Amino acid sequence: MNYHLAPMMGYTDCYFRLLAEKLYKNHITTFSEMIVDKAIIHNETKTIDKHFLANNISSIQIAGSEPIEIKLAIQKLNKIDRINHINLNLGCPSSRVQENKLGLALTQYPTLVRECLHSLKTYNQKISVKCRLGLGLEEDQNYIFEYLSMFQEFEIKTVYIHCRNGVLDLDTKKNRTIPKINYELFLKCKKEFSDMELIPNGEINNLETIHYLSENKITQFMIGRQFANDLLFVEKIGLIKIDNKKQIISDYLDSFEKYQYLNLNLLKKAIFALLTKVKGAKKIKKDISEADSIIKIKNIFESNQIWN
Ligand SMILES: Cc1cc2nc3c(=O)[nH]c(=O)nc-3n(C[C@H](O)[C@H](O)[C@H](O)COP(=O)(O)O)c2cc1C
């Protein structure tokens, strides 16, 4: 099985992703938080350095709605060696994103999406898309079928589908609860577009759901909040075994030795996602919170028998 860490602003920053990449190695694909194309055009070095550590192997998720701007951003990204996969956001319903016709809002305009995809195709490595199953509350097979046909035309094979509709003018939180999860429609897409690599996302947070999707020949899963809460949850439910966690964490911490500018708070936040349901976690988290250096954090992991 393969896992994909869903991009989540405020959670899947470069520190969190590096930890996920080190733990799951080639079983995981990670994505930057959504980055607007303008940020890449106007200051690519600062933008990339903010979202990528030198040793991250993440894909970049971009948002844009002006074909010319997307093209300019791609020109810059084509020159950045450490990135080799761009994902286009066509699913974000947030109001700020909506105002700029980005994400889900862009999908109201299929002709414009097509023009944006033309620009995206100037990227010379892997391209994927993340989208919703529909727009508005009603189930609408045509929406997703038409978009999948369009992606297919552009030879974009990998599509992450958040298996619920997105609703404009509904806040992001309600957009994750009011439109219902619809794996059935996702499975229909999978059948109809069998040549494409369609990867489900949305509430994949327990063994039962993963079993249900696996029974339907799904072997790849995009997971967001459950990983953010508990980065080791797929191991806890018995789907993967991660050996030598202590060593992996030690290597992870060592990899920051050469960093001149380190965001220790983000690093700590990432590590906290390993301590969910761990015995004595409260005390360990408190000690980590108080630590003012990597060495001290390392010592905490070394002096506590967290994993066998
Ligand atoms: C706090 C937060 C931030 C998010 N930011 C992004 C983002 O930057 N780009 C994106 O495509 N989706 C974003 N999402 C949506 C997630 O990628 C994912 O589609 C959603 O959480 C459903 O998956 P889950 O049930 O596994 O969490 C965000 C979700 C949350 C909760």
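1. Among contacts in the protein between residues at least 6 apart in sequence, what percentage join residues at least 24 apart? The figure is 71%, where two residues are in contact if their C-beta atoms, placed from the backbone, lie within 7 Å. The model is predicted: local features need pLDDT of at least 70, side-chain atom pairs count only at pLDDT 80 or more, and totals for chains, interfaces and linings use all residues. Residues are numbered from 1 along each chain as its sequence is written.

2. Overall form. The protein has 308 residues, for which a compact globule would have a radius of gyration near 19 Å; the value here is 20 Å, which agrees. That radius is taken over C-alpha atoms, and the globule rule is 2.2 Å times the number of residues to the power 0.38. Along the principal axes, the C-alpha atoms fill a box of roughly 60 × 45 × 35 Å. There are 15 helices and nine strands; these are DSSP runs numbered from the N terminus, helices being H or I of at least four residues and strands E of at least two.

3. Burial. Buried residues account for 40% of the 308. A residue is buried if 20 or more other C-beta atoms lie within 10 Å of its own, exposed if 12 or fewer, and partly exposed in between, with C-beta atoms placed from the backbone.

4. Domains. The protein is divided into domain 1 (2-236) and domain 2 (245-303), with bounds from an automatic or database domain assignment. Their centres, taken over C-alpha atoms, are separated by 29 Å. Domain 1 gives 13 residues to the contact and domain 2 gives 12. On the side of domain 1 that touches domain 2, α1 and α10 (225-229) each supply at least two residues. The largest share of that side, six residues, is from α1. Its residues divide into eight nonpolar, two polar and three charged. Here Ala, Val, Leu, Ile, Met, Phe, Trp, Tyr, Cys and Pro count as nonpolar, Asp, Glu, Lys and Arg as charged, and the others, Gly among them, as polar.

5. Core. The largest nonpolar core has 81 residues, and L19, A20, L120 and I161 have the most contacts inside it. Such a core is a set of buried Ala, Val, Leu, Ile, Met, Phe, Trp, Tyr and Cys residues joined through C-beta atoms within 7 Å. Helix α1 (residues 14-24) supplies the largest share, eight residues. Both domain 1 and domain 2 give residues to this core, so it lies between them. Leaving aside residues up to four places away in sequence, L19 touches L231, Y252 and A270.

6. Helix α1. Is this helix largely enclosed or open? Of its 11 residues, 10 are buried, so α1 is largely enclosed by the rest of the structure. The buried residues include R17 and E21. Among the elements covering them are β1 (2-5), β2 (28-30), α12 (245-254) and α13 (264-272). Just after α1, K25 takes a positive phi of about 45 degrees.

7. Two loop residues. K101, in the loop between α4 (95-99) and α5 (103-106), has a positive phi of about 60 degrees although it is not a glycine. K101 is partly exposed, with 17 other C-beta atoms within 10 Å. E203, in the loop between β8 (197-201) and α9 (207-215), also has a positive phi of about 60 degrees and is not a glycine. E203 counts as partly exposed, with 18 C-beta neighbours inside 10 Å.
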